[in-house]
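Here are some notes on the salt bridges, as requested. Please read them alongside the model.

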Amino acid sequence: FGAQLAGTPSNYTALVANLKPGDTLNLAAGTYLDGLEIDFQGAPNQWIVIQGPSSGAPARFLAKATRNTVQLSFASYIAIRWLHLDGGNLPNVDGIKAGGIQNSVVHHILIEGCRIEKHGGNQQTVGISTKCPAWDWTIRGNEILGAGTGMYLGDSNGDAPFAASVIEGNRVYDPEGYCIEIKFHNAWPQGMGMPTQTSRTEIRHNVLIK
């Protein structure tokens with residue numbers, strides 16, 4: 001029931017800043033230079049969708065040294081589909097990163113059909129990364145090429161749990177470090193809305209080549 005919006009390299013940042021639950025932002029083929037900053041929320045039955053062309057020439061995002069190519073914080077009910085993220089092998093610039101801001105949570109996220117390449121400036125540079133409590137993610141049908149680490153979900157200290165998610169049908173080729181790493185969990189953080197019922201993360205039908 002939301003708006004269907006047509007984005008181009010020249011107008012997309014203004015459109016992103018005003019997305020509302022239920023909106024779909026359709027990005028035209030072209031080169032996008034200012035990344036994506038996603039710090040807003042859809043709703044359970046009104047996801048916000050940001051998508052490029054499903055075939056043909058892509059919506060191609062070029063990395064900059066000053067930021068991650070796609071950054072999520074305080075985001076929920078967001079679908080990101082069919083984007084091409086080119087990291088230019090810049091160090092410490094992740095393709096898609098959730099967190100990095102105190103007390104942020106990122107949940108109910110779909111990342112589908114994206115091509116993430118050249119996010120491999122060093123092993124700490126990651127194709128898809130979470131550094132905050134994150135749950136109910138679906139990471140499906142993506143291709144991650146030449147990353148420092150393909151996916152790094154959670155944090156090394158166990159305080160950023162990644163839970164209740166599905167990772168399926170992805171292709172991760174030639175990372176410097178791990179293809180996929182999911183970190184251990186300490187006790188669930190309280191008051192952040194994480195699921196209290198028993199849950200599991202399913203990892204299936206991925207192709208990992210190192």
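1. Is D86 buried or exposed? D86 is buried, at a relative accessible area of 6%. (Buried means under 20% relative accessible area, exposed over 50%, and partly exposed in between, with a 1.4 Å probe and protein chains only.)

2. Before going further, note that this is a predicted model: local features need pLDDT of at least 70, side-chain atom pairs count only at pLDDT 80 or more, and totals for chains, interfaces and linings use all residues. Residues are numbered from 1 along each chain as its sequence is written, and side-chain values use heavy atoms, leaving out hydrogens and water.

3. The whole structure holds 13 salt bridges. (A salt bridge is a side-chain nitrogen of Lys or Arg within 4 Å of a carboxyl oxygen of Asp or Glu.)

4. D86 pairs with R60 in one of these, at 2.8 Å from N to O. The two sit 26 residues apart, in distant parts of the chain: D86 in strand β9 (residues 83-86), R60 in strand β6 (residues 59-62). (Strands are DSSP runs of E, at least two residues, numbered from the N terminus.) R60 is partly exposed, at 27% relative accessibility.

5. R115 and E143 form another salt bridge, with their closest N and O atoms 2.7 Å apart. R115 is in strand β12 (residues 115-117) and E143 in strand β15 (residues 143-145), so the bridge ties together parts 28 residues apart in sequence. E143 is buried at 17%; R115 is partly exposed at 31%.

6. R204 meets E202 at 2.2 Å, N to O. Shared partners join R81, E112, R140, E168, R200, E202 and R204 into one network of salt bridges. Both ends of the R204 and E202 pair are partly exposed, R204 at 32% and E202 at 23%.

Technical notes:
Helix = DSSP H or I, 4+ residues; strand = E, 2+ residues; numbered from the N terminus.
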